[in-house]
Amino acid sequence: MMELHEMNLNIRYDAPKEIWDKVGSIYEAMEGWIGYDCGAYWFSFDESEKHITASVEPSGIHFTALMEESEWNLWVATIKRIATEKLGYKVGEIELGEVDF
């Protein structure tokens, strides 16, 4: 059953240009990438269907999704791993205690 999900990653809106220059390649490396439309999208631009979208907020990159929990968990683990590799620092969720602010 599809459920709503959210997370914030510690890729801050005020990160240096060299960090933001890599974010697009992280997005494109993820399963389901389809492009931008008032935010980044994976799987569908239609938010009533299976989708993931991302926006930049003061707390970091905010993701919302509508999908199966097991698929979401795998996607989240993958983006954290790829972002950590590409950005050169541990990327995770502050709210879960995975990283410091």
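These legends accompany several close-up views of a predicted model.

**View 1. Helix 1 packs against helix 2.**
Here we look at residues 17–29, which form helix 1, and residues 69–87, which form helix 2. The angle between the two is about 145 degrees, and their axes lie 10 Å apart. The crossing of helix 1 past helix 2 is right-handed. On the helix 1 side, the contact is made by Ile-19, Lys-22, Ser-25, Ile-26 and Ala-29. Helix 2 answers with Ile-79, Ile-82, Ala-83, Lys-86 and Leu-87. By residue class, this contact has seven nonpolar, one polar and two charged members.

**View 2. The buried residues of helix 1 and their partners.**
Staying with helix 1, we now pick out its buried residues: Ile-19, Val-23, Gly-24, Ile-26 and Tyr-27. Their packing partners are strand 2 (33–36), strand 3, strand 4, strand 5 and helix 2.

**View 3. The largest nonpolar core holds 25 residues.**
Which residues have the most contacts inside this core? They are Trp-42, Phe-63, Trp-72 and Trp-75. Two or more residues each are supplied by strand 1 (2–9), helix 1, strand 3 (40–42), strand 4 (51–57), strand 5 (60–68) and helix 2. Helix 2 provides the largest share, with seven residues. As general background, nonpolar side chains in soluble globular proteins tend to be buried together.

**View 4. The surroundings of Trp-72.**
This view moves in on one of the core residues with the most contacts, Trp-72. Setting aside neighbours within four places in sequence, Trp-72 is in contact with His-5, Glu-6 and Met-7, and also with Ile-52, Phe-63, Ala-65 and Met-67. Among these partners, Phe-63 is another of the residues with the most contacts inside the core.

**View 5. Ile-11, a buried loop residue.**
Ile-11 sits in the loop between strand 1 and helix 1. Is this residue buried or exposed? Ile-11 counts as buried because its relative accessible area is 3%. Beyond its neighbours within four places in sequence, Ile-11 is in contact with Ile-19, Trp-20, Val-23, Gly-60, Ile-61, Ala-83, Leu-87, Tyr-89 and Val-91. For a sense of distance, the C-alpha atoms of Ile-11 and Ser-55 are 11 Å apart, while 44 residues separate the two along the chain.

**View 6. Salt bridges of Asp-21 with Lys-17 and of Arg-12 with Asp-14.**
Asp-21 pairs with Lys-17, and their closest N and O atoms are 2.9 Å apart. Both residues lie in helix 1, four residues apart, about one turn of the helix. Asp-21 and Lys-17 are both exposed. In the other pair, Arg-12 bridges to Asp-14, also with 2.9 Å between the closest N and O atoms. Arg-12 is partly exposed at 25% relative accessibility, and Asp-14 is partly exposed at 43%.

**View 7. A salt bridge between Glu-93 and Lys-80.**
The side chains of Glu-93 and Lys-80 meet with an N to O distance of 2.7 Å. This pair joins distant parts of the chain: Lys-80 belongs to helix 2, Glu-93 to the segment after helix 2, and the two are 13 residues apart. Glu-93 counts as buried because its relative accessibility is 10%, and Lys-80 is buried as well, at 12%. Together with Glu-98, these residues are linked in a network of salt bridges.

How values were computed. Residues are numbered from 1 along each chain as its sequence is written. This is a predicted model: local features need pLDDT of at least 70, side-chain atom pairs count only at pLDDT 80 or more; totals for chains, interfaces and linings use all residues. Side-chain values use heavy atoms; hydrogens and water are left out. Axes are lines fitted to C-alpha atoms, for helices over the stretch in contact, and angles run from 0 to 180 degrees between N-to-C directions. A crossing is left-handed if the near helix is turned anticlockwise from the far one by less than a right angle, and right-handed if clockwise. Contact means heavy atoms within 4.5 Å. Ala, Val, Leu, Ile, Met, Phe, Trp, Tyr, Cys and Pro count as nonpolar, Asp, Glu, Lys and Arg as charged, and the others, Gly among them, as polar. A nonpolar core is a set of buried Ala, Val, Leu, Ile, Met, Phe, Trp, Tyr and Cys residues joined through side-chain atoms within 4.5 Å. Buried means under 20% relative accessible area, exposed over 50%, partly exposed in between (1.4 Å probe, protein chains only). A salt bridge is a side-chain nitrogen of Lys or Arg within 4 Å of a carboxyl oxygen of Asp or Glu.
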